[in-house]
Amino acid sequence: MGYDMDLEKISIDDYGSILKGTHLIPSWKVLKENLETNLETIKKLGIHNLQELQKTLKHKDRLQQFSQQSGLPEPYLNVLRRMINGYVRKPNKIKDFPETSEEIILRLEKKGIKNTRHLFEKIITRKNRAQLSKQTGISNKQILRLTKLTDLSRIRWVNHTFAYVLYEAGYDTLEKMANANPDQLFETVKQLNAERKFYQAHIGLNDMKMLVESANMVSLDIEY
């Protein structure tokens, strides 16, 4: 339970299974090459879970040292590091969510709440949200809206704009994203963006498959 994934609970073997079923961008497909052999090499050097691996690859000098010890190429380890680091989400700022009033932003900031990680601990249960509404004077409706945007922000690659897009498209919770059909999600978001021009970047079907996969890796902590 928590805003981010618990990397300590994902063993190297578990991660191998995750990678096998994960859609990767072309430059990251090297992670699936010699997958079993590479992960066995990592385990033999005393690394048991993703948290330990993240720490090992965190700094350039340690990564280089590990490359020499393991025989695994530095470019491969760099891709692996970026992949793992992506599971620890950079929080979205509350002020960046579209259609969030300045008054709401200021009231939350007075309570020390400036981003989605700050907000997460305050809105997990309905009781939590009612208390926050009472403390800040922000309506229950607006608190629930920000709760859902925070929930979506826990998914890898979902920034403040795309969290809003998913919310407007009806995929307004982590659970709905985890259960989404990628093809239907793609068509719905594509049509909505054509109508309302949320973003200019190209987001394809494989991107949607990756989002759904990522949503399934995050715990359903928020009570609705």
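**Notebook: lysine patch, cavities, salt bridges**

The model I am reading is a predicted one.

I then checked the surface around this lysine for charge. Lys-95 gathers with Lys-90, Lys-93 and Lys-114 in a patch of positive charge on the surface.

Next I noted the overall fold. The C-alpha trace spans about 60 × 35 × 25 Å along its principal axes.

I turned to empty space inside the protein. Rolling a probe the size of a water molecule over the atoms shows where empty space is left. With a threshold of 30 Å³ or more, I get 2 cavities. The largest cavity has a volume of about 70 Å³. I listed its lining as Thr-22, Met-83, Tyr-87, Arg-156, Trp-157, Met-210, Glu-213, Ser-214 and Met-217. Which helix gives the most to that lining? I found that helix 13 (residues 205-215) does, with 3 residues.

Last, I went through the charged pairs. Side chains of opposite charge can pair when their charged atoms come close. The count comes to 12 salt bridges. I picked out one of them, where the side chains of Lys-43 and Glu-40 meet at 2.8 Å, N to O; this lies within the 4 Å cut-off for a salt bridge. Lys-43 and Glu-40 are 3 residues apart in helix 2 (residues 35-44), so about one helical turn separates them.

Technical notes:
Residues numbered from 1 in each chain as written. Predicted model: local features only at pLDDT ≥ 70, side-chain atom pairs only at ≥ 80, totals over all residues. Heavy atoms only, no water. Patch = residues over 30% accessible without salt bridge, like charges linked within 9 Å, V, L, I, M, F, W, Y side chains within 5 Å. Areas by Shrake-Rupley, 256 points an atom, 1.4 Å probe, with all protein chains shown as cover. Lys, Arg positive; Asp, Glu negative; His and termini not counted. Charge placed at Lys NZ, Arg CZ, Asp CG, Glu CD. 1 Å grid on protein atoms, 1.4 Å probe; cavity = no way out; pocket = protein on both sides within 12 Å on 5 of 7 lines; lining within 4 Å. Points joined across faces, edges and corners; volume = space filled by probe spheres on them. Helix = DSSP H or I, 4+ residues; strand = E, 2+ residues; numbered from the N terminus.
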